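Hi,

Here is the model we talked about. Please take a look, then read the notes below it.

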Amino acid sequence: MREGVREVLAGPRQLIKQLHAIMAAPMAPQERLDRIARLIADNMVAEVSSLYILRADDVLELYATHGLNKSAVHSASLRLGQGLVGSVAKTAEPLNIQNPASDPRFAYLPETGEDIYNSFLGVPVLRAGRMIGVLTVQNRVPRRYDNEEMEALQTVAMVIAEIAGMGDLDSLAPAASLDIKRSQHASGILLAEGVGLGRAVLHEPRVLVTSLLTDDIDTELERLEAALSKVRGHLKAHLARDDVAREGEHRDVLEAFLLIAQDRGWARKMADVVSTGLTAEAAVERVQSDNRARLLRSTDRYVRERLTDFDDLANRLLRELQGRHGTALADVTGDAIIVARHMGAAELLDYDSERIRGIVLEEGSPASHVTLIARALGIPAVGQVTGVTSMIESGEAIIVDADGGDIHIRPSADVENVFAEKVRFRARRQARYKRLRHLPAVTTDGLNVSLSMNAGMLADMPHLAQSGAAGVGLFRTEILFMVANALPRFHAQERAYRQVIEAAGGKPIAFRTLDIGGDKILPYLPAAAEDNPAMGWRAVRLGLDRPGLMRMQIRALLAASGGRELRIMIPMVTTVAEFNAVRDLLSKEQRHLNEHGYTLPNQVKLGVMLETPALLFELDELLAVADFVSVGTNDLYQFFFAADRSNVRVAGRYDTMSRSFLRVLKQIADKCRAANVPVTVCGDLASRPMDALTLVALGFTHLSMPPAAIGPVKIAIRALNVGLLRARLEPKLEPGRSNDDLRHQIARLIDGQNIPV
Ligand code: PEP
Ligand code: MG
């Protein structure tokens, strides 16, 4: 620490010390603001010091002043962008000028009597980068305020931001009229259906800095440096991990963090702020607030994305300084809406799912693991909500309207009532579905459709009874693997499958063998990075090349099903030869277990998932060897249309109700019927009532879907005259017929039957 710098800073430090005393003493909020205004004026030898606070209607209201007419407090105001104060608020940057009245931006407020002042310094009051207000000083004599004075005023602004955070300003105005309390709406994309009302829980909470000031600058500088080097060390170690090395997006984020963490400019700025007498934590927060305000104004998407990186990193640094890590799970109350930048499936499972009403992510895609888990647990989730972690604080009210991809932050009572009603409505509808659960899904002209559910965890199994599903049409075994900390060996797997089978109470389950590889990575199983993971070394390809894993799984399934029927389903099969190779493995395992005295299942059915176009052209040969078929429309869609299912830009580009796709589906249904091989549709298509009716009209009588979809699909089927729909639909698939907006035409046919879809 250079002595010269310390001397220069003695004045501002004095100010900060006195501020400390004002903050510690009990007093009314208005008095506290008045005393702060006076303290600033005294310390900076200024005639005027004023505080303006931004209201929700974009007006800056004078909240406190020393030097201007007192009667103007709570009556004088400026619009955002109007006058010098308004332009500080708009740009979020300090303004330091002489002869302000001649500045073109100057706006004269007669009630304040401020025309006689010849110097002006204004700084923004920012809380986590959000504009709260403006703090000013004015002098009669023309002068330029020096850097230290500007620093000091910014530090006071930070303290005022803390007062705002404590809720002290609310008592001076109707709370809803403050901008920081303003309701906000943000949009993202649907990850998991539903509506949830609750209180925000920041998954990686922003650390609130309460101790702002220090006398021991050297110690604070050392603490800052130590925390920085720890964070850099963690990032490097994390980047070196095998699994991270393969995860493209996650790795990019970490690399960006490391670049920022190693940036000397950033570190130096924080050290400079510590030198003014702030704690290391307060310095991190101050610099971050400035960064945020600057970057938030950028229209460049890349720059704005870096803001989140900066935020994350500043937060890591704060947690390091305070020795705190993550949200204390026990503190999560019963109506939590988890808000996070990104989140892994295992992290979600760390929470008590009974307490979670919703999830909001800045990242997240419909096919990510955390999405699968959220859906399985029935938790509404919205993803890709840009900047959400900095729009809300823990404990604030938030609504997740996942179906529309919307979130409402600090909703007004009216909005809250609307959504509370929506939740009640959904609950009533669920109750209606529940009443239907024992009724068959039979069309008005007598066709029986069997509805099963998709599952992936033991926690899903109670839905079997609640939804009235006929069985589990798709059990995604990889989810059991994805949430485990280490590869489950034979006995652990056998135990898990047995629990699932017992929970099914005799209803059939189609266990799909591991669909890992590509983008579904098991943290404990390193794999090489691939350019096109969806088309890479995944599922049965990996299973056949490294048969140890597949054999262990098949063996565990056989052992767990002793004395019962076992259905095994193979994902991502591309040739009949692959299917036959699995059949050979299965036979070997049956022999092996038999020799070791295990009770074998009384029947084993080996099925195939139809997910690749190549297999469509070997259907006859496939149907001669497969015991059953399940159409995985999610993958079949992506490979059929060459449209990556997890790339939001193209995932919804092509319509499943277009002529080409419907023809393929019809061909599958026809061939399976002719060959007398049972066929189910287990992709997401089957879960949307209108698409489900179309599938039934095409000839599918077994559908499998998430449990929550069974009620709506059943209601629709029970109102359908399938003969009529089929008679109208089939001609539309004939050669030469127009493909224009087939979805719309089908919707009209369904609507014509008055079916509630
Ligand atoms: C599918 O591809 O349609 C399917 C059901 O499997 P998953 O979604 O697990 O890939
Ligand atoms: Mg699939």
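**What turned up**

Asn676 is exposed, with a relative accessible area of 69% (exposed means over 50%, buried under 20%, partly exposed in between; 1.4 Å probe, protein chains only). Its phi is positive, about 60 degrees, although Asn676 is not a glycine. Asn676 sits in the loop between helix 24 (659–675) and strand 22 (679–681). Helices (H or I, at least four residues) and strands (E, at least two) are DSSP runs, numbered from the N terminus.

This is a predicted model: local features need pLDDT of at least 70, side-chain atom pairs count only at pLDDT 80 or more, and totals for chains, interfaces and linings use all residues. Residues are numbered from 1 along each chain as its sequence is written, chains are lettered from A and ligands numbered from 1 in the order in which they are written, and side-chain values use heavy atoms, with hydrogens and water left out.

Gln384 also has a positive phi, about 55 degrees, and is not a glycine. Gln384 lies in the loop between strand 12 (381–383) and strand 13 (397–401). At 28% relative accessibility, Gln384 is partly exposed. For background, most residues other than glycine have a negative phi.

**Ligand 1**

Which residues are closest to ligand 1? They are Arg476, Arg512, Glu611, Asn634 and Arg645, out of 14 that surround it (a heavy atom within 4 Å). The shell divides into three nonpolar, four polar and seven charged residues. Here Ala, Val, Leu, Ile, Met, Phe, Trp, Tyr, Cys and Pro count as nonpolar, Asp, Glu, Lys and Arg as charged, and the others, Gly among them, as polar. Strand 17 (472–476) and helix 23 (633–640) each supply at least two shell residues. Helix 23 gives the most, with three.

Now the polar contacts (N or O pairs within 3.5 Å). A polar side-chain atom of Arg476 is 2.7 Å from an oxygen atom of ligand 1. A polar backbone atom of Asn634 is also 2.7 Å from a ligand 1 oxygen. For a backbone N or O atom of Gly632, the distance to a ligand 1 oxygen is 3.4 Å. The protein covers 99% of the 290 Å² of accessible area that ligand 1 has on its own (Shrake-Rupley method, 1.4 Å probe).

In helix 25 (residues 689–698), 10 of 10 residues are buried. Gly699 follows helix 25, with a positive phi near 120 degrees.

Mean pLDDT for the chain is 87, and 91% of residues reach 70 or more (pLDDT is the predictor's confidence in each residue, from 0 to 100). Over residues 1–9, pLDDT stays under 50. Over residues 242–249, pLDDT is below 50.

Best wishes

Methods: A polar contact is a pair of N or O atoms within 3.5 Å; within protein, one must be able to donate a hydrogen and the other to accept it, and residues adjacent in sequence count only if both atoms are side-chain atoms. Contact means heavy atoms within 4.5 Å.
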